[in-house]
Amino acid sequence: MEKTNHSSAEPESIEPLRYLSKAEAAAIETELVRDYRFGQQQLIEIWGNACAHAITKAYPLTSLGKKQPTVLVICGPDQNGSIGLVCARHLRMFEYEPTIYHPKRSSQTLHQDFTVQCEKMDIPFLSYLPTEVQLINDAYNLVIDAMLGPDEDRINIKEPYSGILVTLKQVKIPIASVDVPSGWDVEDATEDGINPEVLISLTAPKKCAMNFTGKHFLAGRFLPYDIQKKFELNLPEYPGTDCLVEL
């Protein structure tokens, strides 16, 4: 009897990871809130917690040379800023030493709640942004960019954020950006934006991250399977019980 040669079978093709446009990212978030009943506070908590875990993987306590590494978290006025606040709170629990610069606080109750939670954790808030000289001179080990998210118009960035971007382009200490590096277009990386060492993509990576060459994490394990299938996200396997994966 002729033997079947299983070794010649065609291997299963693996579909490439989907990188989202601005409209696709917004559509997924809308479905999560409207159809799957994820609350906005719930999503922000999931993302902020995942961002803190990404920081601990990219910059373990022992690698930063201090018992409690100092981290400057720069928060914008909208959702990315709230994710930064949650990230700071979790980093505090992980024995990092976060400080927050949040120049334009949102009037929304949800964002105010996240602010109060950080204040109750005795996380200091700065009233001004340190100069690039102060930042370079080891005042902080790391900057977390939670300023301008996917919905921001990078062409018309206003103060104080345009000035903050100028400062961040000068610093030599590592920068980790949340979802979309500030100053980048969601669908196209730009030379005018900052140059982070780490990028933490939320839900699924955005098109601007396709050519990102730094350390890239994805925090999207919470996504319902039907949404993953509908949008053909082709998400990678997450290791163990981790809430994020390095791409």
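1. A quick word on terms before the tour: Ala, Val, Leu, Ile, Met, Phe, Trp, Tyr, Cys and Pro count here as nonpolar, Asp, Glu, Lys and Arg as charged, and the others, Gly among them, as polar. Also keep in mind that this is a predicted model.

2. With that in hand, have a look at the second largest pocket, which has a volume of about 190 Å³. Its lining is made up of Arg221, Leu223, Tyr225, Gln228, Leu235, Pro236, Glu237 and Tyr238. Sorted by type, the lining residues come out as five nonpolar, one polar and two charged.

3. Eight strands form an open sheet in the order 3-2-1-4-5-6-7-8, and the pairing is mixed. Strand 3 (125–126) and strand 8 (245–246) are the edge strands; each has a single partner strand, so one side of each has no neighbour in the sheet. As background, strands of a sheet pair through backbone hydrogen bonds, either parallel or antiparallel.

4. Strand 1 (residues 70–75) pairs with strand 4 in the parallel sense, over five bridges, and valine 71 sits opposite leucine 142 of strand 4. Strand 4 (residues 142–146) also runs parallel to strand 5 (residues 175–178), joined to it by three bridges. In strand 5, alanine 176 is the bridge partner of isoleucine 144, while serine 177 is the bridge partner of aspartate 145.

5. How many of the five residues of strand 4 are buried? Five of the five are, so strand 4 is largely enclosed by the rest of the structure. In a regular strand the side chains alternate between the two faces of the sheet. Here, Leu142, Ile144 and Ala146 point one way, Val143 and Asp145 point the other way, and all are buried. Do note that Asp145 is among these buried residues.

6. Helix 6 (residues 161–170) has its own buried set: Tyr161, Ile164, Leu165, Thr167 and Leu168. Why do they lie on the same side of helix 6? They cover an arc of only 165° around the axis, which puts them there.

7. On to the aromatic rings, where the count comes to three aromatic pairs. One of them is phenylalanine 38 with phenylalanine 222, an edge-to-face pair at 5.9 Å centre to centre and 65° between the planes. This pair links distant parts of the chain, 184 residues apart: phenylalanine 38 is in the loop between helix 1 (22–34) and helix 2 (40–58), and phenylalanine 222 is in the loop between strand 7 (215–219) and helix 7 (225–230). Tryptophan 47 and phenylalanine 222 have ring centres 6.3 Å apart and planes at 75°, so this pair is edge-to-face too. Tryptophan 47 lies in helix 2 and phenylalanine 222 in the loop between strand 7 and helix 7, so the pair ties together parts that are 175 residues apart in sequence.

8. Put together, Phe38, Trp47 and Phe222 form one aromatic cluster. Phenylalanine 38 has a relative accessible area of 14%, so it is buried, given that buried means under 20%. Tryptophan 47 and phenylalanine 222 are buried as well.

9. Arginine 37, not a glycine, has a positive phi of about 60°; its place is in the loop between helix 1 and helix 2, and it is exposed, with a relative accessible area of 68%. Glutamate 232, not a glycine either, has a positive phi of about 50°. Glutamate 232 is in the loop between helix 7 and strand 8 and is exposed, with a relative accessible area of 53%.

Methods:
Residues are numbered from 1 along each chain as its sequence is written. This is a predicted model: local features need pLDDT of at least 70, side-chain atom pairs count only at pLDDT 80 or more; totals for chains, interfaces and linings use all residues. Side-chain values use heavy atoms; hydrogens and water are left out. On a 1 Å grid over the protein atoms alone, a cavity is a set of points where a 1.4 Å probe fits but cannot get out, and a pocket is an open set with protein on both sides within 12 Å along at least five of seven lines; lining residues have an atom within 4 Å of a point. Grid points are joined across faces, edges and corners, and a volume is the space filled by probe spheres set on the points. Buried means under 20% relative accessible area, exposed over 50%, partly exposed in between (1.4 Å probe, protein chains only). Helices (H or I, at least four residues) and strands (E, at least two) are DSSP runs, numbered from the N terminus. The arc is that of the directions from the helix axis to the C-beta atoms. Rings of Phe, Tyr and Trp (its six-membered ring) pair if their centres lie within 6.5 Å; planes under 30 degrees apart count as stacked, over 60 as edge-to-face and the rest as tilted. Two strands pair if DSSP finds at least two bridges between them.
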